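Reader: Could you take me through one part of this model up close? I'd like to hear what packs around it.

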Amino acid sequence: MTTRRAFMTSAIAAVGVRSAEAFARCVPSVRPAEALARPAPGLRSTEAFALPVSGDRIVKNGRLKQSVSRWPYQKIALPEFCRAVADMGLTAIDLLEEADWPVANEHGLICSMGYAGGGSIRDGLNVLGNHDAIVRNFETSIPRAAALQVPNVITFFGNRRGMSDDTAIANCITGLNRVKRIAEDAGVTICVELLNSKVNHPDYQGDRTAFGVAIVKAVNSPRVKLLYDIYHMQIMEGDLIKTIRDQHEHIGHYHTGGVPGRHELDGTQEVNWPAVCRAIADTGFHGYLAHEFVPTRDPLTSLREAVALCDV
């Protein structure tokens, strides 16, 4: 089956802001030059609040468990990145391949969302022919995730390719019903990601919250949830806080990213991050909010800023 790594390698050329390691916004590698472009003009995040100095523990309140996706920080060696993340007060790194799960553990961290062979953005659950491989991969990798305290693994709805939503919903329900018992037995949650089809992932079928909720509700498992990517859903539908309040029981994980551009969570962006994070915390959410933006400035400074901003 085409992996997310292979897809993202080609997608980087089309989108221009992804890495390509184990993906690129999906699997990391080397970030393209475009990702290092100058920040947009306007208010900088350091003008919005007092930034703790490097080395300080950033997390003070901790109402939300924050994590950070690995792929935007590929130029930093993983052990060094783990140490920096832990120093900030974070407890997890997001979107790691299985080989890197133990590295996080060695530094007192966990992988908050792991890759476990759940298909790719293009080739996901909406195609019945993809199910056998996903089931085999999950049978092997989900127990390993449980053993290394990885709470979530990722999977995708897949591209439309002319398929109706009714057919796609039925196929996704079939596939998730085949794997939910694996997740339930292991105590690991399978998260299906919502992505935008307007800017980054043309033709992706799971591009609306209602589509994903219909599937998750039908599967009816405490171990099958949505990965609600705030960046993607702001682009597709907005209305973030109301959606979070109304659908929080179907959401198992959140991603951040500045809109527009998927860069820093600062004054150049249109999302009110503290308000959104307070709304998530107020639902009683116990999972992770993982930062998945592409820094345009010093990467660890940008991450510290984001962690402070979302520490509501």
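**Around helix H9**

Author: The buried residues of H9 have helix H7 (230–236), H8, strand S7 (251–256), S8 and helix H10 (299–310) among the elements covering them, where contact means heavy atoms within 4.5 Å. Helices (H or I, at least four residues) and strands (E, at least two) are DSSP runs, numbered from the N terminus. Keep in mind this is a predicted model: local features need pLDDT of at least 70, side-chain atom pairs count only at pLDDT 80 or more, and totals for chains, interfaces and linings use all residues. Residues are numbered from 1 along each chain as its sequence is written, and side-chain values use heavy atoms, leaving out hydrogens and water.

So how covered is H9? Mostly: seven of its ten residues are buried (under 20% relative accessible area, 1.4 Å probe, protein chains only). Those are Trp 273, Ala 275, Val 276, Cys 277, Ala 279, Ile 280 and Ala 281.

Now take H8 (residues 240–247): its axis comes within 9 Å of that of H9 (residues 273–282), crossing at roughly 10°. Axes here are lines fitted to C-alpha atoms over the stretch in contact, with angles from 0 to 180 degrees between N-to-C directions. H8 and H9 are therefore roughly parallel (angles under 35 degrees). Leu 240, Ile 241 and Ile 244 of H8 meet Ala 275, Val 276, Ala 279 and Ile 280 of H9. That contact's residues are seven nonpolar, no polar and no charged (Ala, Val, Leu and Ile are among those counted as nonpolar).

Past the end of H9 comes Gly 284, with a positive phi near 85°.

Definitions and conventions:
Parallel < 35°, antiparallel > 145°, perpendicular 65-115°, else oblique. Buried < 20%, exposed > 50% of the residue type's maximum accessible area, 1.4 Å probe, protein only.
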